[in-house]
Amino acid sequence: MIRDTEDIAPRTTGTPIRITGVKTIVVNAEMRNWIFVKVLTDQPGLYGWGEASLNWKTRAVTGAVEDLEPILLGRDPRDIEQCARAMNKFSYYNLGMVGVTAISGIEHALWDIFGKSVGLPVWRLLGGKVRERVRVYTHLGLGDMRSVYETFDVGSLKERAAAVVEKGYDALKVVFIPYGAYTSAIPARRHVGRMMQALRDTVGDGVDIMIDFHGRPASSAAALGFIRELEPYRPMFCEEPVQPGETEALRQIAERAECPIASGERLVGLKEFLPVFEKRALHIAQPDLNHTGGLLEGKRIAAAAEAALIGIAPHNPNGPLAGVAALHFDVSTPNFVIQEEMSGAVPWYDDVVQTPIRRTGSHWEVPEVAGFGIEVNEAEAAKHPFKPEVMHAMSAVLPDGTIVDW
């Protein structure tokens with residue numbers, strides 16, 4: 001268990017605190033720009049950090065944060081529920097993914113301030129500890145974009161999977177489902193089966209394997225065709241077999257598949273999860289705490305999922321601050337299953353941010369630092385300014401020119 005040697009900021013219990021500003025810092029990490037959110041207060045040395053990264057929407061999200069700032073000025077950052085309501089209600093229009101991502105990053109920073117103000121880790125404020133460690137998984141290439149999205153060769157797959165296991169992980173995720181099929185042609189199905197067999201042979205039965213379909217199949221029939229190839233090798237779950245919003249198709253797949261089905265990374269808030277839970281259309285829910293409204297909304301989603309006998313495996317291919325927010329959520333959430341992380345996305349990953357994340361094997365330790373226990377080196381961050389991210393989604397084009405889901 002990680003323990004701090006001193007408080008990050010002096011405790012301010014009973015002292016009025018007011019928000020004086022909200023700013024963003026953008027750090028380009030190739031696959032995406034990390035959007036760090038810093039909420040400032042009128043108390044010397046007391047501020048909070050959050051993350052609002054959203055691939056290919058960086059300027060939209062930073063603009064949304066700027067638009068939301070006036071709603072927060074002068075408010076007590078510890079009134080997290082009230083601040084979130086103000087940002088949602090006073091915006092009038094439904095905010096969608098961009099606006100809710102901005103709110104999520106700000107909300108994270110409010111929790112950081114609250115924890116620092118009372119000298120407690122955020123997980124204590126979220127209900128306390130329900131586990132002694134947090135299980136995590138990573139991707140091929142340990143987050144390298146080309147390895148994650150471009151491994152369709154059996155030899156490369158085996159090599160990259162072995163490297164992940166060598167790093168101590170006992171769970172990994174792969175993306176090797178072909179683009180855009182309404183039916184699963186025999187050659188494509190057999191190739192997926194060969195990939196999965198090679199992967200299982202390489203890592204053995206002691207390593208959990210997750211298959212990310214990325215919503216690529218254009219029908220439930222196509223998705224089930226590929227799932228049939230994967231089932232003999234016992235995947236931990238098949239993720240997003242169809243596009244979000246296709247709840248009836250997802251239910252049909254979950255009912256017929258002989259392995260768990262996961263989805264939810266592109267759903268916004270509890271309202272979008274509830275119809276999926278009511279239909280029992282999945283076994284594992286994957287809210288992204290960067291995109292679904294923050295930690296309070298994430299806890300609501302988790303509670304509703306638990307009532308429907310559904311586990312929680314938060315989505316997180318984002319930056320280091322998002323990982324810390326997820327860690328505190330996971331420590332305090334009873335139906336948590338496993339946490340996604342991409343800690344090796346760039347070689348300088350740990351230079352920009354100091355975090356309390358410590359990995360032992362395939363688990364994160366529970367931190368005892370106040371707030372989130374993070375600090376951003378703003379000078380180092382400035383060495384990696386905004387650049388347009390690699391638009392990998394533009395590779396989702398069939399040989400005849402048809403544009404399909406990435």
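**Helices α8 and α9**

I looked up which residues join α8 to α9, and found that S220, A223, L224, I227 and R228 in α8 meet A249, Q252, I253 and R256 in α9, where contact means heavy atoms within 4.5 Å. The model is predicted, so that local features need pLDDT of at least 70 and side-chain atom pairs count only at pLDDT 80 or more, whereas totals for chains, interfaces and linings use all residues. Residues are numbered from 1 along each chain as its sequence is written, and side-chain values use heavy atoms, with hydrogens and water left out.

I then took the geometry: α8 (residues 220–230) and α9 (residues 247–256) pack at an angle of about 25°, with their axes 10 Å apart. Helices here are DSSP runs of H or I with at least four residues (strands are runs of E with at least two), numbered from the N terminus; axes are lines fitted to C-alpha atoms, for helices over the stretch in contact, and angles run from 0 to 180 degrees between N-to-C directions. The angle makes α8 roughly parallel to α9 (under 35 degrees is roughly parallel, over 145 roughly antiparallel, 65 to 115 roughly perpendicular and the rest oblique).

The residues of this contact of α8 with α9 divide into 5 nonpolar, 2 polar and 2 charged, where Ala, Val, Leu, Ile, Met, Phe, Trp, Tyr, Cys and Pro count as nonpolar, Asp, Glu, Lys and Arg as charged, and the others, Gly among them, as polar.

**Helices α2 and α3**

I next noted that α2 (residues 80–89) and α3 (residues 96–118) pack at an angle of about 160°, with their axes 10 Å apart, which makes α2 roughly antiparallel to α3. On the α2 side the contact is made by I80, C83, M87 and N88, and on the α3 side by I103, I106, E107, L110, W111 and F114. I recorded the division of these residues as 8 nonpolar, 1 polar and 1 charged.

**The largest pocket**

I turned to the largest pocket, with a volume of about 780 Å³. A pocket is an open set of points on a 1 Å grid over the protein atoms alone, where a 1.4 Å probe fits, with protein on both sides within 12 Å along at least five of seven lines, and lining residues have an atom within 4 Å of a point; a volume is the space filled by probe spheres set on the points, which are joined across faces, edges and corners. Of the 25 lining residues, N88, V100, G269, K271 and E297 are the closest to the centre of the largest pocket. I found that α2, α3, α10 (269–278) and α11 (295–307) each supply at least two residues of this lining.
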